[in-house]
Amino acid sequence: MPHDNDTNKSIPGQPKLELRHITKRFGKEGAGVLAVDDCSLSVENGEFVCVVGPSGCGKSTLMTVGAGLEDATEGDVLIDGEPAGPPGPRRSVVFQKFALFPSETVEQNIKFGLQMTGVPKSEQESRLVSQLRIMGLEHFRKAYPSELSGGMQQRVAIARALVMQPEILLMDEPFGALDAQTRTILQEEVQRLHREQHYTVLFITHSVEEAVYLGDRVVVMTKRPGRIKKEISLPRDVVWKTGDIEEAAEHPDFITARREIWSLVREEIMAP
Amino acid sequence: MDRLPGSKSFLVGIAAIGCWVIVWWWLTRSGGPVPTLYFPSPEDVWTKFVRMWTRPYIGSTLLEHILSSLYIVLFGWAVAAVVGIPLGIAMAWWKKLKWIVFPIFQIIRPVPPLAWIPLTILWLGIGDIARMSVVFIAALVPWLMNSMLAVYSVDKILIDAGKTLGANDRQILTRIVCRTALPTLVAAARMALGNAWSTLVAAEILAATAGLGYVAVNASQLLDTDVLLVAMFMIAILGIALTALISLTQRYLAPWSVTSVQRG
Amino acid sequence: MLERGLSRLGMVSNRSKSLFYGFLSLTSLMLIWFLSTSVFELIEPRVLPSPVAVVNQLIWIIEVPFSGLTLPGHILSSLERWGWGVFTAMVIGIPVGVLFAWTPWFKSLMNPVFELIHFIPPFAYIPLAVLWFGASTATQAMVVFVAAFPAFVINTQLGVSQVDKILVDAARVYGAGPFATLRRVVIPAAAPSIYTGLRIAISNGWMALVGAELVVGKVGLGFMISQGQENASVATIFVGVITIGWLGVMIDTIVQRSERYVLPWRKNVSLNSG
């Protein structure tokens with residue numbers, strides 16, 4: 001299925017999303033907490049970038065700033081080279097805690113953004129139906145979030161983000177609250193979606209394995225205040241990027257990359 | 001905690017009530033240890049209850065007294081809702097409004113609503129309006145405070161999610177905040193009605209010409225203990241019924257919250 | 001603009017801004033009251049006395065008896081009945097709560113009576129109490145008791161049944177009998193909840209007492225405002241209402257503050273009065 005992203009005019013050499021020298025401080029200068037310190041990061045059109053780092057390193061803050069939900073203390077967020085402005089449907093966000101509206105059914109949740117942005121009714125319906133199919137939610141249209149398992153809830157949240165046909169998809173530890181089995185299945189699902197539809201994704205995680213499996217590029221952050229420690233481009237091996245995660249994890253390149261990134265993260269966790 | 005399963009605990013409850021009625025009956029039997037002037041027997045209470053439906057007691061039948069009480073409590077409660085809910089939500093939404101209005105409420109809040117009764121009697125007499133105002137004051141504070149808390153209790157992440165999906169401030173307020181806050185508002189409704197009901201009883205004892213509290217205080221002065229007990233039982237039963245009714249509306253107003261409760 | 005600039009620089013905190021607005025709104029309210037009564041005399045003093053008249057009345061009845069007692073006298077007699085009622089409710093309510101949590105058959109047996117007490121508003125007991133005890137201290141204490149009792153039972157029961165079973169097991173492993181377990185493990189763990197019950201009981205009791213005094217009695221703050229009504233002295237009612245509210249806040253503050261001394265193992269004192 002062709003997707004809007006493929007038809008988006010992308011300027012060569014111009015990243016889709018760019019975080020330029022982002023610094024985020026909470027509270028007063030000097031006394032407050034410096035969460036993110038001068039982070040620069042860009043995501044090319046159709047690229048899947050994963051950010052890993054120790055807990056509390058400010059990677060979620062970076063995401064919040066990237067989504068426009070918080071203003072950076074210093075620095076700029078750019079989309080196609082222009083200031084990104086307030087949050088909106090160009091950037092969809094998937095939150096760790098799902099953030100589904102408890103008072104709305106699956107259908108209403110997925111349609112929410114379409115209604116807010118004034119998409120015509122008939123198109124709302126067709127987009128909803130295809131998204132329900134893609135995420136395997138056809139039978140849960142009328143269910144309330146509280147009636148679904150965590151994994152199903154996160155599927156709804158992903159569907160709600162994708163149905164907006166966003167230019168950029170921001171995912172903030174989306175599988176952090178799920179059990180291991182559900183997580184594996186959803187990782188494979190997201191991997192498939194990206195492979196088929198070439199979404200531009202910025203993906204925050206604390207799981208090295210997840211980052212190596214999903215990412216085209218992995219950005220390692222230092223512990224607080226969060227800085228960019230290193231960026232690692234992963235070889236796009238056909239076998240590894242199409243197979244299931246079990247299979248991928250046995251690939252020698254996968255093992256090398258995981259080891260390298262894990263040692264970087266461990267350095268940060270163990271650092272005094 | 002080992003809890004008894006539903007139907008069994010219901011039977012046990014019935015059995016316990018039965019035990020207590022028997023104890024009551026035994027204590028108040030003719031020639032028993034408790035004189036009926038202080039505590040009438042179950043038969044006396046039942047007879048009076050039946051008779052009060054047809055024969056007026058101090059001016060009205062039992063039904064008329066009940067309707068008078070219900071009319072005033074529901075009216076005061078509803079007006080308090082109309083004022084309290086929008087104001088509470090607005091105070092949570094616009095910080096400045098809260099900073100201005102909240103201190104006034106903080107000053108009024110600790111005064112028991114019924115302490116206003118003498119003032120309302122002086123200002124408004126002993127008519128319906130006086131009692132309605134007292135009920136209004138009693139219900140307003142829970143309405144307002146809980147509407148405010150209901151908005152605060154909406155997870156900030158839902159508002160963030162709304163923003164990223166392109167909702168503007170007004171849409172966030174109406175579609176996300178107000179709807180998500182509904183279950184809390186139902187709880188507020190219950191609390192406000194509880195306060196209103198108990199305050200109304202006090203107001204009717206002090207200044208009324210009808211109503212269950214009025215029946216109770218007159219029965220006490222006329223030493224009609226059986227009538228007094230009828231009034232007290234009716235006050236309890238109506239209080240329970242009204243609260244149960246509000247709990248039922250939650251199923252219709254906020255079905256999602258009910259299912260989530262059932263699934264624990 | 002200036003304010004926004006300052007707050008962005010972090011120079012004006014939200015707290016001081018809210019205090020500023022609160023001060024502004026309360027002062028203007030007082031000013032409107034003062035101007036409309038004392039200065040422009042828009043409202044008759046019979047309906048709404050000026051703040052000056054209220055303060056004068058307050059000073060007056062601190063020294064000169066009103067309806068039999070001075071203001072401190074009324075306060076003390078109110079506090080006395082209130083204290084007896086709450087104390088009795090505590091002494092009976094806490095053990096009943098523990099029993100409710102630990103002995104299901106006792107709970108099943110007592111529950112109908114308890115629910116009846118719980119669901120009848122305390123004021124509805126006033127006529128019954130009058131009939132039983134006449135216009136005596138016992139009448140008011142009984143009303144305070146029925147208002148305070150359920151709060152103790154419910155919160156004690158809640159606290160005890162929420163005690164982590166692991167703690168009880170641990171105590172047993174180290175050889176504690178039921179009584180020692182209760183004293184060393186269960187009561188301390190349930191104490192915060194019991195304390196919440198105390199706060200609710202205290203404020204419910206206070207409210208019920210005012211109601212009882214309004215209806216019956218010859219002393220107390222509720223009696224004082226009802227006398228204010230009979231004598232058409234709105235100023236006295238105001239003094240009474242303000243005193244009742246102020247005392248309620250004072251008592252609650254003292255209890256709340258004392259929690260950290262009574263329950264030192266509790267780090268965060270929550271203000272949850274649910």
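**Exercise: a covered helix**

Find what covers the buried residues of helix 5 of chain B.

Solution. Start with the cover. Within chain B it includes helix 6 (128–152) and helix 9 (182–206). Helices here are DSSP runs of H or I with at least four residues, strands are runs of E with at least two, and both are numbered from the N terminus. The model is predicted: local features need pLDDT of at least 70 and side-chain atom pairs count only at pLDDT 80 or more, while totals for chains, interfaces and linings use all residues. Residues are numbered from 1 along each chain as its sequence is written, and chains are lettered from A and ligands numbered from 1 in the order in which they are written.

Next, list the residues under the cover. In helix 5 (residues 117–124) of chain B, Ile117(B), Pro118(B), Leu119(B), Thr120(B) and Ile121(B) are buried. A buried residue has 20 or more other C-beta atoms within 10 Å of its own; 12 or fewer make it exposed, anything in between partly exposed, with C-beta atoms placed from the backbone. Finally, look past the helix end. Gly125(B) follows helix 5 of chain B, and its phi is positive, near 75°.

**Exercise: chain B as a whole**

Which elements make up chain B, and how many are there?

Solution. Count first: chain B has twelve helices and zero strands. Now the extent. Along the principal axes, its C-alpha atoms fill a box of roughly 75 × 55 × 30 Å. Then burial: 46% of the 264 residues of chain B count as buried. Last, the contacts, meaning residue pairs whose C-beta atoms, placed from the backbone, lie within 7 Å. Among contacts in chain B with a separation of 6 or more, 69% join residues 24 or more positions apart.

**Exercise: the largest nonpolar core**

Name the residues that touch the most other members of the largest nonpolar core.

Solution. They are Val135(B), Ala231(B) and Val143(C), in a core of 215 residues. Such a core is a set of buried Ala, Val, Leu, Ile, Met, Phe, Trp, Tyr and Cys residues joined through C-beta atoms within 7 Å. Now take Val135(B). Leaving out residues up to four places away in sequence, Val135(B) touches Ile72(B), Val73(B), Gly76(B), Trp77(B), Ala196(B), Thr199(B) and Leu200(B).

Turn to chain A. Here 19 residues of chain B are in contact with 22 residues of chain A. Helix 7 (156–164), helix 8 (169–180) and helix 12 (255–262) of chain B each supply at least two residues. Helix 7 of chain B gives the most, six residues.

In what order do the four strands of the open sheet in chain A stand?

Solution. The order is 2-1-4-5, with antiparallel pairing. Strand 2 (33–43) and strand 5 (82–83) of chain A each have a single partner strand, so one side of each lacks a neighbour in the sheet. Pairing takes at least two DSSP bridges. Strand 1 (residues 17–26) and strand 4 (residues 74–79) of chain A pair over five bridges. Glu18(A) stands opposite Leu78(A) in strand 4 of chain A. Helix 2 (residues 59–67) of chain A packs on the sheet and touches strand 1, strand 2 and strand 4. Nine of the nine residues of helix 2 of chain A are buried, so this helix is largely enclosed by the rest of the structure. Just after helix 2, Gly68(A) has a positive phi of about 85°.

**Exercise: one residue**

Is Ala157(A) buried or exposed?

Solution. Locate Ala157(A) in helix 5 (residues 150–162) of chain A. Ala157(A) counts as buried because 26 C-beta neighbours lie inside 10 Å. Val94(A) is 63 residues away along the chain, yet the two C-alpha atoms are separated by 6.2 Å.

Conventions:
Contact = placed C-beta atoms within 7 Å. Axes fitted to C-alpha atoms, helices over the stretch in contact; angles between N-to-C directions.
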